Every structure is written in C-alpha cells, then in structure tokens.
Amino acid sequence: MSGEDVSLTTAEEILNYAKEEFERSLKTGDMLLYRNAVDKAFLAMVLAINSYINRRLGVVARSHSERRLLLRKMEREDLRARYSDVMRTLHDEAFYEGIYNPDEARYAIEVVERTLRELRRESSRA
C-alpha cells in the first residue's frame with residue numbers, strides 16, 4: 001500500500017471514529033465530546049487533502065494556508081472551497097469557538113465523507 005493509500009485509510013478510520021463520537025455527543029449532550037468529534041472529522045479532511053497534494057505534487061503541506069494555496073495552484077478550487085468551508089465550520093466555529101450547531105456540523109461531516117470517497121476513487125485510478 002502506498003503512502004497516499006495509508007493516509008487515506010487513516011483519514012477514513014478517523015472519520016468513522018468522529019461520526020460515532022458525534023452521534024454519541026448529540027445523544028448525551030456532551031459538549032466536549034461534540035468538540036472533539038468535529039475536530040476529528042476536520043483532521044480526516046486534513047489528512048485526505050495532504051494525501052492528495054502529496055500524490056500530485058510530491059510535497060507535504062504544513063499549514064492550512066499552504067493547503068489552500070497548493071489546491072489553487074493545482075486548479076482544484078472545488079477542493080479548496082470545500083476544505084475552507086469544512087475548516088470554518090468544524091475547526092474554527094465548532095471546536096475553537098464552541099458553537100453548537102449540529103445541523104451544520106453534520107453537513108460538514110458529510111462533505112468530508114464525500115471528499116474522502118472522491119479522493120479514494122481518484123487514488124485507485126492513478
């Protein structure tokens with residue numbers, strides 16, 4: 001298995017944990033669990049995007065701004081926009097600011113899941 005596949009597999013595993021924790025946090029009302037779950041989902045997105053960038057350019061992005069810049073340079077504005085939106089919803093608002101908006105968080109987690117599936121398909125075709 002290539003390094004990119006390992007990263008995608010790790011991202012998928014982390015996302016599965018995040019989804020389980022997210023649902024448990026909603027049932028229990030545990031805000032700390034909620035915040036940890038949404039940040040795990042964002043971590044899955046980071047790993048998946050890093051894998052994609054590494055596969056295409058052979059570099060490892062080290063920051064959010066570098067990821068966005070490299071995606072733009074690769075003319076993947078679609079991924080850049082998704083990454084930025086997910087970062088804002090899950091990482092900035094839900095995790096750091098403690099904003100409790102389960103509907104928005106659930107939507108962002110679904111975006112992460114769709115993105116991972118898309119990147120997995122692209123990886124298997126390469």
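Tutor: The chain has five helices and zero strands, where helices (H or I, at least four residues) and strands (E, at least two) are DSSP runs numbered from the N terminus. The radius of gyration is 14 Å, close to the 14 Å that the globule rule gives for 126 residues, so the chain is as compact as a globular protein of that length. That radius is taken over C-alpha atoms, and the rule is 2.2 Å times the number of residues to the power 0.38. The model is predicted: local features need pLDDT of at least 70 and side-chain atom pairs count only at pLDDT 80 or more, while totals for chains, interfaces and linings use all residues. Residues are numbered from 1 along each chain as its sequence is written, and side-chain values use heavy atoms, with hydrogens and water left out.

The part to look at is helix α5.

Which residues of α5 are buried? The list is P102, A105, A108, I109, V111, V112, T115, L116, E118, L119, E122 and S123. Buried means under 20% relative accessible area, exposed over 50%, and partly exposed in between (1.4 Å probe, protein chains only).

V112 is among the residues with the most contacts inside the largest nonpolar core, which has 35 residues. Such a core is a set of buried Ala, Val, Leu, Ile, Met, Phe, Trp, Tyr and Cys residues joined through side-chain atoms within 4.5 Å. Helix α2 supplies the largest share of this core, 12 residues.

T89 lies in helix α4 and is buried at 10% relative accessible area.

A salt bridge here is a side-chain nitrogen of Lys or Arg within 4 Å of a carboxyl oxygen of Asp or Glu, and the whole structure has 14 of them. One joins the side chains of E113 and K19 (2.5 Å, N to O). This pair links distant parts of the chain, with E113 in α5 and K19 in α1, 94 residues apart. E113 counts as partly exposed at 25% relative accessibility, and K19 as partly exposed at 26%.

Another salt bridge is between R76 and E118, whose closest N and O atoms are 2.9 Å apart. R76 lies in the loop between α3 and α4 and E118 in α5, so the pair ties together parts that are 42 residues apart in sequence. R76 is buried, at 12% relative accessible area, and E118 is buried at 18%. R76 and E118 also belong to a network of salt bridges with D78, R82 and E122.
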